[in-house]
Amino acid sequence: MLFSQSFFNLHYFESELKSKKYLSTKKKIFKDISSKSFGFLKDIYCDNLGEITKLADHLRNFENVLFLGTGGSSLGGKTLVSIKENFFFKDSSPKIFFLENVDEWSISRLTMKINLQNTALVVISKSGETIETLSQFFFLKNEMKEIDNFKKKVFIITENKKSTLKEIQEEEGFKFYEHKKNIGGRFSIFSLVGLLPASLAGFEISSFREGGKLFLKNLIDDESFFDNQFFSTLCLLNLYKKNYNISVFMPYSDRLDNLSFWYRQLWAESIGKNKMGITPVNALGTVDQHSQLQLYLDGPSDKFFTFIFENKKKFNKKLDCSYGKDKNFSLLHNRPFENLLIFELRATIETLKQKKAPLRVIELDEINENAIGSLIMFLFLETIFSCYFINVDPFNQPAVEEGKILTKEFLENE
């Protein structure tokens with residue numbers, strides 16, 4: 001197994017594994033997995049890694065690659081890139097940037113700092129109508145109007161259908177890559193959308209997919225494996241009935257910080273419908289022990305906790321904490337630097353256990369492509385299972401469309 005789960009303060013829900021609701025939901029998702037009815041399941045077995053690698057190799061000829069997109073068009077790739085990229089400094093070649101917002105201040109200062117002559121744009125929008133992404137493209141097109149061979153530096157990823165972005169691609173002669181119709185943005189991390197930036201950063205995309213496949217194989221081969229993995233999900237859904245409507249997702253690793261933002265969108269946009277849903281809150285250990293933990297420990301009992309960490313056995317660099325003539329900071333002296341991270345995690349877990357707070361702990365054997373692929377497949381299926389359980393469609397986002405319509409009306413009436 002590439003990751004394992006431990007559960008605390010949840011034992012009283014064990015009888016729910018025999019409930020009709022759980023068993024019927026389990027049967028439904030098993031059927032969908034077996035028939036590969038989800039777009040991302042079809043894509044994970046698709047033989048298109050060569051095409052992705054070829055495009056990534058071409059993009060390596062540039063000094064900078066700007067990925068234009070928002071939501072699911074950026075968060076997946078950004079998550080995978082962060083597994084390989086230096087957390088503090090962009091030392092990859094080429095340098096990878098994700099333009100997600102439409103804040104002119106930020107984007108203009110980026111364009112002032114990089115060599116636009118040697119910059120590629122990858123424009124991603126499933127619908128081809130994402131107004132933020134279109135505005136980013138036109139802003140950069142204006143900034144790069146004097147650049148040589150601009151058309152050869154723009155790559156479009158969108159559905160192969162009539163849309164504004166597809167029309168731009170055809171009229172301007174930009175290179176086109178298809179965004180599969182049956183894969184929603186927030187479920188696109190195993191596709192070209194997530195794998196292209198990942199491959200560009202040196203992330204082993206084949207191992208990532210293999211990790212996802214391994215989790216699926218374990219589910220199909222061993223029914224008890226399903227119950228072991230989804231027991232915490234069942235607990236969360238039953239706690240929701242008791243007004244536990246916040247789910248705190250807190251990795252203890254800088255490299256997994258973007259994973260928590262990716263999961264936040266996946267969960268919120270999938271389950272928040274029909275006046276129902278559990279609010280995801282992302283946090284980062286140990287940082288948010290100094291900003292949110294007071295509320296978690298001494299605030300309302302309405303939260304379910306998920307902690308994620310890596311087995312740190314390979315880290316053993318010891319600290320020399322001596323100072324002055326003959327003094328040292330004894331708590332840390334001659335101890336591994338990583339001990340503090342692990343001990344703070346353990347202390348937080350123990351404190352929450354004593355507070356009778358419901359929590360699960362996910363331990364990764366290692367933060368690598370296999371393990372992340374397996375974990376993300378679990379998080380996909382957990383989200384879908386939860387939506388089925390409360391009878392909402394995990395794949396649409398109807399309320400978001402209302403805001404998009406109003407935004408266009410405001411622009412038209414300006």
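Modeller: Quick ground rule: helices (H or I, at least four residues) and strands (E, at least two) are DSSP runs numbered from the N terminus. This is a predicted model, with local features needing pLDDT of at least 70, side-chain atom pairs pLDDT 80 or more, and totals for chains, interfaces and linings using all residues. Residues count from 1 along each chain as its sequence is written, and side-chain values use heavy atoms, without hydrogens or water.

Let's start at D43, which belongs to helix α2, residues 39-44. D43 is tucked away: its relative accessible area is 4%, so it's buried (under 20%; exposed is over 50%, partly exposed in between, with a 1.4 Å probe and protein chains only). Leaving aside residues up to four places away in sequence, D43 touches N48, K180, I183, F190, S191 and R209 (heavy atoms within 4.5 Å).

Now for the salt bridges, of which there are 17 (a Lys or Arg side-chain nitrogen within 4 Å of an Asp or Glu carboxyl oxygen). One of them pairs E100 with K78 at 2.7 Å, N to O. E100 sits in the loop between β3 (95-99) and α5 (104-113), while K78 is in helix α4 (residues 72-84), so this pair ties together parts 22 residues apart in sequence. E100 is partly exposed at 21%, and K78 is also partly exposed, at 25%.

Follow helix α14 (residues 369-389) and you find it lying across β1, β7, β9 and β12. Those strands belong to an open sheet of five, in the order β1-β12-β9-β7-β8, with mixed pairing (strands pair if DSSP finds at least two bridges between them). At the edges stand β1 (3-8) and β8 (279-282), each with a single partner strand, so one side of each has no neighbour in the sheet. Strand β7, residues 246-251, runs parallel to β8, and four bridges join them. Across that pairing, F249 faces N282 in β8.

For a local pair, look at K213 and E210, whose side chains form a salt bridge of 3.2 Å, N to O. Both lie in helix α9 (residues 205-221), three residues apart, or about one turn of the helix. K213 is partly exposed at 22%, and so is E210 at 41%.

Technical notes: Axes are lines fitted to C-alpha atoms, for helices over the stretch in contact, and angles run from 0 to 180 degrees between N-to-C directions.
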